[in-house]
Amino acid sequence: MKMKKGRYLIGIDEAGRGPLAGPVSVAAVAIMSRLNLDGFGFGSLRDSKKLSAEKRERWFRWLQRAKRQKKLNVTVSLVGEKIIDRRGIAPAVRIGIARVLRRLKILPD
């Protein structure tokens, strides 16, 4: 997806660091910083698992709309167990972070 020109807030998270087998997943989300986030509690959102089902659904609809309008981009990278075994978990996570940042296709000015 080609992103609109502007300033972005980028969040990155990983999952799968603790299990003994399988890949580590790294995801990145880029949101245009000028989006109107009033009324969504964006500043107080820290853990989606703590949201009510209603609030989680509201966030999902809002994020889908922002994605359709090309004001949001999401990308995920899976780093396999062979890389984890060969290099270690921390380097594997860094590889995943580098991949998702490249895939966002946001070039700094």
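Helix H3 (residues 89–104) lies across strands S1, S2 and S3, and runs at about 145° to S3. The axes behind this angle are lines fitted to C-alpha atoms, for helices over the stretch in contact, and angles run from 0 to 180 degrees between N-to-C directions. Helices (H or I, at least four residues) and strands (E, at least two) are DSSP runs, numbered from the N terminus.

This is a predicted model: local features need pLDDT of at least 70, side-chain atom pairs count only at pLDDT 80 or more, and totals for chains, interfaces and linings use all residues. Residues are numbered from 1 along each chain as its sequence is written, and side-chain values use heavy atoms, with hydrogens and water left out.

**Overall plan**

The protein chain has three helices and three strands. From the N terminus on, its elements follow the order β-β-α-β-α-α. Of its 109 residues, 25% count as buried. Buried means under 20% relative accessible area, exposed over 50%, and partly exposed in between (1.4 Å probe, protein chains only). Contact means heavy atoms within 4.5 Å. Among contacts between residues at least 6 apart in sequence, 64% join residues at least 24 apart.

**The sheet**

The three strands form an open sheet in the order S1-S2-S3, with antiparallel pairing. S1 (8–15) and S3 stand at the edges with a single partner strand each, so one side of each is left without a neighbour in the sheet. Neighbouring strands are turned by 15° against each other on average, direction ignored. Two strands pair if DSSP finds at least two bridges between them. Eight bridges join S1 to S2 (residues 24–32). Leu9 stands opposite Ile31 in S2.

**The cores**

A nonpolar core is a set of buried Ala, Val, Leu, Ile, Met, Phe, Trp, Tyr and Cys residues joined through side-chain atoms within 4.5 Å. The largest one has seven residues: Tyr8, Val26, Ala28, Ala30, Met32, Val100 and Leu104. S2 and H3 are the elements that give two or more residues to this core. S2 supplies the largest share, four residues. A second, separate core has six residues, including Val24, Val79, Ile84 and Ala92.

Thr75 lies in strand S3. At 11% relative accessibility, Thr75 counts as buried. The table lists contacts of Val100 and Thr75, leaving aside residues up to four places away in sequence.

| Residue | Contacts (heavy atoms within 4.5 Å) |
|---|---|
| Val100 | Val26, Ala27, Ala28, Thr75, Val76, Ser77 |
| Thr75 | Val26, Ala27, Ala28, Val100, Arg103, Leu104 |

**Helix H1**

H1 (residues 53–68) has 16 residues. From its first C-alpha to its last, H1 reaches 23 Å, close to the 22 Å expected at 1.5 Å a residue. The expected span is 1.5 Å times one less than the number of residues.

Trp59, Trp62 and Ala66 are buried in H1. They cover an arc of only 65° around the axis, which puts them on the same side of H1. The arc is that of the directions from the helix axis to the C-beta atoms. Strand S3 (72–79) is part of what covers the buried residues of H1. The face turned away from the buried side carries the exposed residues Ala53, Glu54 and Arg68. Lys70 follows H1, and its phi is positive, near 60°.
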